[in-house]
Amino acid sequence: MEFSYIFWTVLSWMIFWSVVGSFVTRRIYLKRDLDTSNAAFVGSMMGASIGPFGLVPLCLNTPDLTKRLMVAPALAAVAVLMIAFAFADPENYCVTSSSFVASQIVNGLIIGIIYGFMALGLSLIFSILGVVSFAHGEFYMIGGMITYFMTSVWFPGLNPAIAILAACAFTFLLGAVFERLFLTPMYEGKVDRPVEYGILVTFGLAFTLQYFVQATAGANPFKARRYLDFPVLRLPSSEDPWLLRTSRGSLELFEMITISNPRLMAAGTCILVLIALLYFMRRTWTGKALRAVSQDREAAAIAGINPDRMNMLAFALGGMIAALAGAMLVQAFSWLPQVGAIPALRSFVIVVLGGLGSLPGAFLGGIIVGLVEAAGTGCIPDTQRAASYIPAYSMIVLTLTLLLRPTGLFGRRFAGGAHGKF
Amino acid sequence: MKRQHIPALAGLLIVAFFMAFPFLYGANDYRYIMSLLIAGFYYAILASSWSMLAGYAGQFSFGHMGFMGVGAYTAALFSHYFYLSPVPTELCTEFLIGNQYLVIVDAIGVTSSTLNQDCLRQALTIWDGSVQVTPMPVWLGIVLGTVMGGLFGLLIGLLVLPLRAAYLALFTLGFSEILRATISGEIAITRGQAGIEMPYLFEQGITLFGRYYDKTDKIPPYFVMFFLLLTCLAILYYLASSKFGLFVRALREDQDAAAALGVNTTRYKIMVFVITSMMAALAGAVMGYYVNIISPNNLMILQMSLVVAMAVIGGIENIFAAAIGAIIIQFVLEILRNSFEIGPFTVDMTIWRLVIFGVLLMLTLRFARNGLIIPIIDYFSRGHVAAETVAKRTAGIDKAEGRS
């Protein structure tokens with residue numbers, strides 16, 4: 001960075017005022033006997049965006065903290081950070097090249113959709129069992145592994161759709177069996193601390209699965225072939241394809257945005273499955289039963305729903321969703337037994353960011369994390385350093401969420417049961 | 001002899017065995033077994049301090065290896081970048097302290113060319129052996145590492161105050177990952193994945209009881225690690241059996257109820273974080289000096305899984321059980337390392353042993369929630385209590401039912 005001191009000065013100024021803002025605003029709202037649940041968040045964002053000029057009126061007037069008052073300072077804070085970066089590093093691609101920026105944003109959105117989809121599975125498990133599945137990344141890995149082995153090793157030339165379905169079926173069964181064998185003591189009151197038991201036992205599953213795959217498949221990276229080639233298109237005309245140009249492996253929009261085929265396909269599939277899932281959750285009896293259990297176990301049981309069976313279904317379905325994401329992405333990334341660790345962490349972040357058990361929250365959270373990662377990998381000057389920090393970007397989002405707004409974007413404020421605690 | 005004294009007696013016997021072991025054992029694989037035991041003690045410190053944090057206080061932190069890394073990296077960076085020189089180098093940043101110059105070497109990262117040397121090496125080339133530069137004492141590195149671990153523990157303890165259960169686990173995992181990413185990313189300072197070299201624990205060798213030990217000798221680090229383990233266990237045992245242990249267990253059972261009954265939950269939650277992370281950092285710093293290198297791979301989730309699994313299999317609610325579990329599992333894992341062949345297939349045990357280990361972890365959790373070692377301790381120390389209770393209860397039932 002050319003003028004890195006500008007960036008760091010602005011950043012420390014923002015951090016200072018956001019810390020001050022979060023404490024002072026909460027204090028003042030508490031003193032005036034107002035709702036403090038969002039005060040710390042608004043205060044810190046106001047402090048980060050316009051510093052004392054925003055904090056003083058906020059503390060003097062103590063307005064009602066509406067949604068608009070929460071979103072605007074947060075966006076402003078992001079904008080300030082971006083402007084500071086632009087001034088600090090005027091030579092950077094992120095500042096000079098608009099096509100690079102557009103490309104990063106579109107790719108961030110696409111990968112964010114996939115992240116969000118994967119996090120959805122975790123959110124489902126979390127909202128119904130009250131447990132974070134630490135084996136989520138391993139389901140993702142196994143989904144990809146099965147698809148790769150079926151299409152490339154066991155039955156070469158097999159239609160990828162069949163392999164993907166087989167991967168989903170296998171992980172669904174695996175999830176159901178594991179839940180029956182190992183998670184049942186949680187609901188029967190046999191363990192003192194069910195949440196911790198759940199964390200540890202899924203952690204054990206993750207460990208076992210990861211090394212089992214490594215022992216059987218080896219530690220060399222795999223990469224599946226593309227499932228589908230794009231038709232070659234030139235729009236509006238073959239001489240001047242400024243609107244759209246495709247080759248078999250990628251697609252170019254407006255001569256500036258390049259999207260690779262596997263990612264676009266993965267995102268498309270995720271959206272389709274998401275719609276199917278929403279239909280299932282909203283319209284079918286089983287889906288409604290699932291949502292009922294996530295809202296109130298006892299009441300659902302009284303209404304004739306068997307919560308234990310819903311637990312099994314949720315865990316199996318959650319694992320299957322992760323496996324589907326993995327099966328779609330095995331054609332985009334090289335696949336190792338350890339590949340699940342980073343997506344799993346990312347899913348945790350998205351679930352916390354979106355709010356527990358909130359499906360739209362998980363999706364929006366996924367897109368935000370996707371954009372943050374795209375910005376992080378694209379804009380940090382030293383590419384090697386930027387790549388090393390990939391797991392850290394989402395963790396920074398997690399840290400900020402837990403510090404500023406532990407309920408997440410769409411979190412329920414008064415959730416019952418084990419998952420209401422944090 | 002009463003039965004409940006057996007665990008204490010067995011503990012003394014184990015300590016005596018480990019004290020005598022280096023002098024009695026003389027087989028060919030002496031160095032190998034000794035390094036296994038040193039690693040075993042290292043994992044025992046981590047597992048027992050983690051069992052204090054997770055088992056006693058109920059704070060399921062996955063950042064324990066992060067604290068270990070803080071300790072090890074503080075010590076490594078300190079030893080790598082700070083030197084004492086009687087003559088100013090006039091190339092590095094340096095301060096006059098007493099009659100010596102404190103030289104701070106510039107960070108150049110990993111370079112293969114000899115042209116690009118750091119400022120101290122350049123100065124040494126110019127002096128051509130006429131000046132002796134003293135590296136910083138190792139004990140100071142260990143102390144600094146421990147203190148830094150405590151500071152990070154304080155910081156993380158403050159940040160996780162409002163978090164419970166899953167959120168705490170995620171946050172601490174995040175801390176550990178951010179730390180690992182930072183260390184791998186800042187190649188100029190930490191040399192990234194290449195790892196940073198550290199001096200020997202006793203660079204000049206050491207003379208103990210009239211016998212000289214070389215710097216590569218296993219006996220001094222063995223006893224250093226063993227006494228550290230004993231000290232940590234003593235501190236943890238004292239804490240667990242004092243008011244502190246009672247309060248942190250109250251915190252585990254119900255934080256709100258404990259607070260309502262007058263336990264200063266904030267203070268104890270932070271204290272338990274600081275103490276256990278200091279122990280992890282201490283173990284990390286000493287282990288780093290012993291193996292001469294620390295790299296970000298030591299902070300990986302696999303390492304954390306090992307510590308968690310050791311503590312859980314040993315028994316998470318007893319520090320001694322966790323420590324014994326760690327040593328045993330370290331041994332078993334090493335014994336299982338030998339690959340073998342069944343017909344045409346080679347079974348690569350370096351990986352399969354971890355699969356077995358994972359299955360064992362899950363089965364232990366499912367069927368023996370107290371771990372595998374706590375029940376043995378309990379059988380001897382509390383078995384008579386259970387028998388007496390059963391006898392009393394049957395007597396009570398008999399009386400109530402009017403039988404004699």
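## Chain B overall

Of the 404 residues in chain B, 43% are buried (20 or more other C-beta atoms within 10 Å of the residue's own, with C-beta atoms placed from the backbone). The model is a predicted one, in which local features need pLDDT of at least 70 and side-chain atom pairs count only at pLDDT 80 or more, whereas totals for chains, interfaces and linings use all residues. Residues are numbered from 1 along each chain as its sequence is written, and chains are lettered from A, with ligands numbered from 1, in the order in which they are written.

Chain B has 16 helices and 10 strands (DSSP runs of H or I with at least four residues, and of E with at least two, numbered from the N terminus).

## Packing of helices 8 and 11

Helix 8 (residues 219-241) and helix 11 (residues 265-291) of chain B pack at an angle of about 175°, their axes lying 11 Å apart (axes are lines fitted to C-alpha atoms over the stretch in contact, and angles run from 0 to 180 degrees between N-to-C directions). Helix 8 of chain B is therefore roughly antiparallel to helix 11 of chain B (an angle over 145 degrees).

Definitions and conventions: Parallel < 35°, antiparallel > 145°, perpendicular 65-115°, else oblique. Buried ≥ 20, exposed ≤ 12 C-beta atoms within 10 Å, placed from the backbone.
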